[in-house]
Amino acid sequence: MSALGKKSNGRPDALRVQLVGEGEEHRAEVRDALAALGDPALDIWEIEPDPAAAVDTSADVTMVVFNGNTDLSLSYLNNQAGSEPRPILFALLHDRSPDLMKRVLRAGADELLFLPLDAGDATRALLKISETRRREEVHGTGTIISLVSLIGGTGVTSLAANLGLALRYAFDKRVAVVDLDLQTGGLSVFLNLEPERTIMALAEGNRKLDSIALESALSKHASGIYLLAAPKRIEDSELVTDTTVGAILDLMRQLFDFVIVDCGTHVDANTVAAWERSNHLFYVLDQSIGAARCAWRFVDLCGRLGLQGIEPNFILSRFMAGHPISEEQLSHTLAKSIHSRIPRDEKILERVQLSAQEPVAGGAELAVGQERRGARAANRSWGGSRGDCGSDKLPGLALVECNRSARLKVPQ
């Protein structure tokens, strides 16, 4: 590695930042601004952009400075975005034109910042990453994925269950699903289970939560995934507190590889406790005016809550390419690109509804086709290359298939 590319010997807990840009003078402006930030601590090194360069997985963040040759910077960004695992990708722009911002996001940037750097914006963006890393180190290796929508009928429960089943069948992961839609309790219906015990077993009394108590409250599905069911009686949902939910999730991430949380359509202290502990927060919407407005209100809520280290991503469910409300219009309204889209498949939906059975039963096929954007699917902790459905990690949203014609053969 040349002297230009040598890494500094910073603090071991510092956020590792790779600064990519043409010309020492352009990088120096950004480097000095970053060095002036008080928090988080940063370990910064610099390189020239090379579209053919391999991804440096030792970096937590790669910042690409757009300061001259836009096509070169876009090509570098696109190459980095197409690899997994990889750092979080920042694009630093002088030009605030919507056209360039759109091109940069489509090339795979996870975050946009403008030059000269605003200290507040840079600190906020970097703190989200450092807090996520800190939370993963403190709470263990399990990944918590929360799904939510403020409008019914978008498929949050079916998506949560299918994601759990796909992780179990295709990747042989230890998976638990948690039903925080406490009044509806749809996950047990979707999985065709009649739980003897529910989350109420953990909410009653003053007994300290431990793994034995947790395991006794779980119901095992034939696939091998575990369900923590909602209360049997609607009124009991009021007895479940955010403290209980937090303790449950903190323990579950130590026992399982993945914990999938169905947050339903109701926002309260319990769901916020789940979001605070999540590695990934997905909001599910469809192509309706009501769904778009509710998604915008959710973005506003997240901003006011000031959640540290977590930012919602959007899943477009029941996607139809010719719909009057396009993906581009929704992205513009939300000021954020759509993370993943799931095509509408009326035949599969009708078959599941008429069978009155779980969609993944002996010998049946799970149709979970997913069309994904060319941008990065998730963060590097999920591993795998983009579009690589055979990875032992979870690529993107990991509904297993990468296009609508693919189907997962479920073992008997």
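Axes in this tour are lines fitted to C-alpha atoms, for helices over the stretch in contact, and angles run from 0 to 180 degrees between N-to-C directions. The model is predicted, so local features need pLDDT of at least 70, side-chain atom pairs count only at pLDDT 80 or more, and totals for chains, interfaces and linings use all residues. Residues are numbered from 1 along each chain as its sequence is written, and side-chain values use heavy atoms, with hydrogens and water left out.

**The whole chain**

Begin with the entire protein in view. It has 13 helices and 16 strands; helices (H or I, at least four residues) and strands (E, at least two) are DSSP runs, numbered from the N terminus. Of the 412 residues, 53% are buried, where buried means under 20% relative accessible area, exposed over 50%, and partly exposed in between (1.4 Å probe, protein chains only). The accessible surface comes to about 18500 Å², and 49% of that belongs to carbon and sulfur atoms; these areas come from the Shrake-Rupley method with a 1.4 Å probe, and for residues only the protein chains shown count as cover. Among contacts (heavy atoms within 4.5 Å) with a separation of 6 or more, 76% are between residues 24 or more positions apart.

**The five-stranded sheet**

Next, select S1 to S5. They form an open sheet in the order S2-S1-S3-S4-S5, with parallel pairing; two strands pair if DSSP finds at least two bridges between them. S2 and S5 (111-114) stand at the edges with a single partner strand each, so one side of each is left without a neighbour in the sheet. On average, neighbouring strands are turned by 25° against each other, direction ignored. H1 packs on this sheet and touches S1, S2, S3 and S4 (88-93), its direction making about 175° with that of S2. H2 also packs on the sheet, touching S1, S2, S3 and S4, and its direction makes about 160° with that of S3.

**Strand S1 and its partners**

Now select residues 15-20, strand S1, in which five of the six residues are buried. S1 runs parallel to S2 (residues 42-47), joined by six bridges, and Val17 stands opposite Ile44 of S2. Follow the chain from S1 through helix H1 (residues 24-35) to S2: this β-α-β crossover is right-handed, meaning that, with the strands pointing away from the viewer, the path from the first strand over the helix to the second runs clockwise. Strand S3 (residues 61-66) is also parallel to S1, through four bridges; there, Gln18 has Thr62 as its bridge partner.

**From S4 to S5**

Select S4 and S5, which pair in the parallel sense over four bridges. Leu92 has Leu113 in S5 as its bridge partner. The chain crosses from S4 through H3 to S5, again as a right-handed β-α-β crossover.

**Helices H2 and H3**

Display H2 (residues 70-81) with H3 (residues 98-107). Their axes lie 8 Å apart, and the helices pack at an angle of about 30°. H2 and H3 are therefore roughly parallel to each other, a description applied to angles under 35 degrees, while those over 145 count as roughly antiparallel, 65 to 115 as roughly perpendicular and the rest as oblique. On the H2 side, the contact is made by Thr70, Asp71, Leu74, Leu77, Asn78 and Ala81, and on the H3 side by Leu100, Arg103, Val104 and Ala107.

**Ser146**

Finally, select Ser146 in strand S6 (residues 143-148). Ser146 is buried, with a relative accessible area of 0%. Not counting residues up to four places away in sequence, Ser146 touches Val261, Cys263, Ala274, Trp275, Ser278, His280, Leu281 and Phe282.
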